[in-house]
Amino acid sequence: MKKQKSKIRTSTARKIFNVCNIIILTILALTCLLPFINLLAVSLSGQYAVNSNAVSFWPKDFNLKSYQFVLESGSFLQAFGITLKRVFLGVTVNLLLIIPTAYVLSQEESRFAMRRIYAWFFVITILFGAGLVPWYTVVLKTGLVNTIWALILPDAVPVFSVLVLMNYMRGIPIDLKDAAFIDGAGHVRTLVSVVIPLCKPSLATITLFAMVGHWNAWFDGLLFMDRTENYPLQSYLQTIVINPEQYLSKMRGSSSSSIRELLSFVSARSSRAAQLFVAILPIMMVYPFLQKYFATGLTMGGVKG
């Protein structure tokens, strides 16, 4: 006898809800996606089409001159390299400080009597800030201005990430850590061999936070760098977005004949679009690999107090 497949009946109200839900989510997705499509279309379009606002979501007078200009522009590549260096050093420093801090604060009060006091010490830094002037003064007096460390050390311990990882670690059964202690492991060995392997979702989440934070930061570059050649990528892009014509006039005075030749085919808007799109690509390429851990790491790390 053939087995009859059981059918789940869906009410009319549920069907209407599903349709409305799909429509709303589609609209939200298009709202996020269409600006990127327009940015890409502008970067691939000709100068006349861009200046006449004839480009919407499909390139007109297709050419790669804007991207050729980006690749031959020393300023953009220099800023891109500084940001890559910042992301690598910044994320490394963040993780090296966040992980042991979260591990210590995740201990039970029976093992770490002053845990609550230290936890509040970190939380207070979220609630209250010293302000811009003391922040700049500390960086200036420590001799970090115009160095890569001025972009890394002031935010070396992001407290929100510490709290997320701390709460995730507190969800690990204490029996696992006790078993490691019985076998002769110390806190360092327990952290490396037991706790960290179990915290991969949360570690992926705070790594993504750190990468995006360092990649998108622009204000500290303007604040702590006196010379434009020391600007990270987002600080550099901020200057050309605010005043693109001044940037192009500077490029026209370049000693490179290829740059001056390309400027006859490239508009301020298309060159800006190309540089913005290239700046977005690295994060867009990294995010899909960490996205599967994102929801789990954030929710499990944010529920338990």
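**Overall make-up and confidence**

The protein contains 15 helices and zero strands. Of its 305 residues, 37% are buried.

The model is predicted, and its mean pLDDT is 82, with 84% of the residues reaching 70 or more. Confidence is highest in helix H4 (residues 74-105), at a mean of 91, and lowest in helix H13 (residues 244-252), at 63. Over residues 301-305 the pLDDT stays under 50, and for this stretch the model has 10 contacts beyond four places in sequence. Where pLDDT is low, the predicted coordinates should not be read in detail.

**Two helix pairs**

Two packed helices are described by the angle between their axes and the distance between the axes. The table gives these values for two pairs.

| Helix pair | Angle between axes | Axis distance |
|---|---|---|
| H7 (residues 159-170) and H10 (residues 200-216) | about 175° | 10 Å |
| H4 and H9 (residues 187-198) | roughly 100° | within 12 Å |

With an angle of about 175°, helix H7 is roughly antiparallel to helix H10, because an angle over 145 degrees counts as such. On the H7 side, the contact involves Phe160, Ser161, Val164, Leu165 and Tyr168, which meet Pro201, Ser202, Leu203, Ile206 and Phe209 of H10. Eight of the residues in this contact are nonpolar, two are polar and none is charged.

The axes of H4 and H9 cross at roughly 100°. This value falls between 65 and 115 degrees, and the two helices are therefore roughly perpendicular to each other. Helix H4 contributes Ile99, Pro100 and Tyr103 to the contact, while helix H9 contributes His187, Thr190, Leu191, Val195 and Ile196. The residues of this contact comprise six nonpolar and two polar ones, with no charged residue.

**Nonpolar cores**

The largest nonpolar core has 35 residues, and Phe76, Leu233, Tyr236 and Leu237 have the most contacts inside it. Two or more residues of this core come from each of helix H1 (12-43), helix H2 (47-51), helix H3 (65-72), H4, H10, helix H12 (233-242) and helix H15 (268-303). Helix H4 gives the largest share, seven residues. Another core, of 19 residues, lies apart from the largest one; among its members are Tyr103, Leu105, Leu165 and Met169. Tyr103 also takes part in the contact of H4 with H9, and Leu165 in the contact of H7 with H10.

**Two loop residues with positive phi**

The loop between H2 and H3 holds Asn53 and also Asp61. Asn53 has a positive phi of about 55° although it is not a glycine. For Asp61, likewise a residue other than glycine, phi is positive and near 55°.

Note on methods. Residues numbered from 1 in each chain as written. Predicted model: local features only at pLDDT ≥ 70, side-chain atom pairs only at ≥ 80, totals over all residues. Heavy atoms only, no water. pLDDT = per-residue confidence, 0-100. Helix = DSSP H or I, 4+ residues; strand = E, 2+ residues; numbered from the N terminus. Contact = heavy atoms within 4.5 Å. Axes fitted to C-alpha atoms, helices over the stretch in contact; angles between N-to-C directions. Parallel < 35°, antiparallel > 145°, perpendicular 65-115°, else oblique. Nonpolar A, V, L, I, M, F, W, Y, C, P; charged D, E, K, R; others polar. Core = buried A, V, L, I, M, F, W, Y, C linked by side-chain atoms within 4.5 Å. Buried < 20%, exposed > 50% of the residue type's maximum accessible area, 1.4 Å probe, protein only.
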